[in-house]
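Hi everyone, thanks for making time for this. I'd like to walk you through one model today, so please have a look at it with me.

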Amino acid sequence: MISSIVSKVKQKQIAQLVANRKRIDGRGLTDYREIKVEAGIIERAEGSARVLLGKTQVLVGVKIDIGEPFSDIPDQGVLTVNAELVPLASPTFEPGPPDENSIELARVVDRGIRESKAIGLEDLCITPGKKVFVVFIDVYVLNHDGNLIDASALAALAALLNTKIYNYELKDDEIIRKPGYKPLPIRNYPIAITFGKINNQLIVDPWLEEEQVMDARLTMTIDKEGNICSIQKGGSGYFTTQQILEAAKIAKERATELRKLVVET
Amino acid sequence: MKSLPTFFESKELVTPGDLLAEGDYIAGENTYQEDKKIFAERIGLVEYDNRKVRVVALRAFYIPRVGDVVIGMITEVGFNGWEVDINAPYTAILRASDVLERGFRPQKNDLLSILDIGDLVIAKVTAYDRGSNPVIKISEPGLGKISRGQLIKVTPTKIPRIIGRKGSMISMIKRETNCRITLGQNGLIIISGKTREDEQLAIMALRKVEDESHTSGLTDRIAEMIRKEKEGRRKNVQT
Amino acid sequence: MSKPEKLLDKKGLRLDGRKLDELRPIKMEVGVLSNADGSAYLEQGKNKVLAAVYGPKEVHPKHLALADRAILRCRYHMAPFSVEERKSPAPSRREIELSKVIREALEPAVFLEYYPRTAIDVFIEILQADGGTRCAGITTAALALADAGVPMRDLVVACAAGKIEGKLVLDLMDLEDKYGEADVPLAMMPGINAVTLLQMDGSLTLEEFQNAVKMAMEGCKQIYEEQKKALRARYIAIKEAINE
């Protein structure tokens, strides 16, 4: 169908299945689709990774530049996350400046990395107050089949782990490149786990048609210690306190599993 | 009789721009003529039938034809009828007058209660020309709202292969999976069975026909696949 | 990146070891995205290009529609991480110009008159760039159009020729384009010998230009064979699997 509306017949099927703790593709309520992570596929970028989550495809590129620090934190590097919902990924994406969905996606991925202190921003300082490394993380959604947040966050982490900064020498305020690279120091491994709510049931990793049917979304980002470092509720529905606490428990378990796809334990 | 050049074997795979024949030929479906040359417009299997050259497309979308039975989804409810997505470049129109008795004055609320956004219908194309959108009707036996089943989408040009010679392929699949299967000429198919497993099996068979439509011996291979799957299921139940 | 000392070595080979008239290694795959009506992915040397087609579908807003034919819309866009220095995601003037010339390279191939009042949208994303991306984009977009079942007169294929250190070369990479003397991108429909894109940067004598065009067309013909192979691949693989 060209339209992005889910048919009434299918809406009923999804709801009925969920009530019986099943999903259309045979998954359990808290199961992820098949995930594939490929790192280093864009050699031009300082770091890159592609994640396939079911049919959802997200590509993340990391570029490193030299710039000025913010005046109130002169000894810290700069981290900036941008997300593009490019029109080829879905009939519902229009070309143009980032809309609220693409901005929310970027900021949720950013929050996970920043709040978990995955990158030590002090490590990126070259000359305090004058020169620091600027890390650009660009999230590029290539095919939207649901749960862009988890796929993007996972790809961003894999891309960061793949990122190298060139060696340099400071001579009278000039930055001289030296041969060789060193990996970007990564101190934490935040993993985002997203839930949807259908018929008052929580499901993990909603697929596109489930997203169109669910009434609310909850993302929890868990760091390597098992602490929650960021949360985002989306959609116009609501969650009960019980559901939120249950989600936190499930998120912690799932995050440990997903992390293994990106980090060797 | 002098034999004029054709450049491919019958049922060979061709791509857009391939020169299919030169000389006194007629350009059939998915081909075009320039000077005395016939070229392919789409990727597909070329067929030579006397003087006519055509390509059975493997990748194509649906263009409505009057008389086609199609499956569609309501996308808009208006004052005089509904807009229906029939998986074609043009949205189809279903007029309220087709569904309601004559003399009835439709109001928007009433239309919503008959067919709402997201409802699926089996319909027939009653009118279509280049200047306007296709018109469909559901007021005939066998047509109307669909209340259950799984919907899949295949390339519309594969529907004849799914039907098979004298309906042999589709009857076999229906029989072996115990499912009701309604085929839309627009490539949409509704499968309704007693269990989800039966429906999944029918879907598997239909997808296999779609993937392998360019090969021969297909009916036997599909029957074999269904048989193997059912056997596998019996074993699983027993263990 | 700083200017290399030489673009051609003592043996007359290029920085990546290629001969003057040699194409970069090329790889193509069709049907790589599940949402688009047609899609294709291409690698040519370090170039990585993804193209997708949506349509034909009704145009919104309606005033853009043409009564007697479809409109072709094209967006050429580079990912921020595709180039050496990160590029802002907002469309640059270069991307806007390229979107136009690429559209005009593809339009002559498509039977737009078959689908009045509709739009066919072509999206080209450059995931990694190393010179010649407009040509790679056109080649990939043509595959995506065929994959979408859009009827075409012929596949469109593109390749550039140019001049570096006095010698004519085929398929320039970024360094050669930046520091060479001329770059001539060309797109054509080989079956009907129609050139649909032709641009030039730099300076060439008339004779050099004629030879460059001939060279680019040769390159196009080679890439055209790869396009056909890529479109057939899926079906041939299935046939072979069955015959085993």
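I'll take chain B, then a sheet in chain A, and finish with a hairpin in chain C.

A word on ground rules: this is a predicted model, where local features need pLDDT of at least 70, side-chain atom pairs count only at pLDDT 80 or more, and totals for chains, interfaces and linings use all residues. Residues are numbered from 1 along each chain as its sequence is written, and chains are lettered from A and ligands numbered from 1 in the order in which they are written.

Let's start with chain B, which has six helices and 16 strands; these are DSSP runs numbered from the N terminus, helices being H or I of at least four residues and strands E of at least two. Its C-alpha atoms fill a box of roughly 65 × 60 × 25 Å along the principal axes. The domain assignment, which is automatic or from a database, gives domain 1 (13–57), domain 2 (69–146) and domain 3 (150–238). Taken over C-alpha atoms, the centres of domain 1 and domain 3 of chain B are 31 Å apart.

Of the 239 residues in chain B, 41% count as buried. Buried means 20 or more other C-beta atoms within 10 Å of a residue's own, exposed means 12 or fewer, and partly exposed is in between, with C-beta atoms placed from the backbone.

Over to chain A, please. Here four strands make an open antiparallel sheet, in the order β10-β9-β11-β12; strands pair if DSSP finds at least two bridges between them. The edges are β10 (201–204) and β12 (228–234) of chain A, each pairing on one side only. Between β11 (residues 216–222) of chain A and β12(A) there are six bridges, and R217(A) sits opposite G234(A). Helix α2 (residues 100–115) of chain A packs on this sheet, touching β9 (191–198), β11 and β12 of chain A; touching rests on contacts, meaning C-beta atoms, placed from the backbone, within 7 Å.

Last stop, chain C. Strands β6 (residues 157–164) and β7 (residues 167–170) of chain C pair antiparallel over four bridges, and K163(C) has L168(C) as its bridge partner. Which residue of this hairpin takes a positive phi? That's E165(C), near 45°, in a hairpin with two residues between the strands.

Notes:
Contact = placed C-beta atoms within 7 Å. Axes fitted to C-alpha atoms, helices over the stretch in contact; angles between N-to-C directions.
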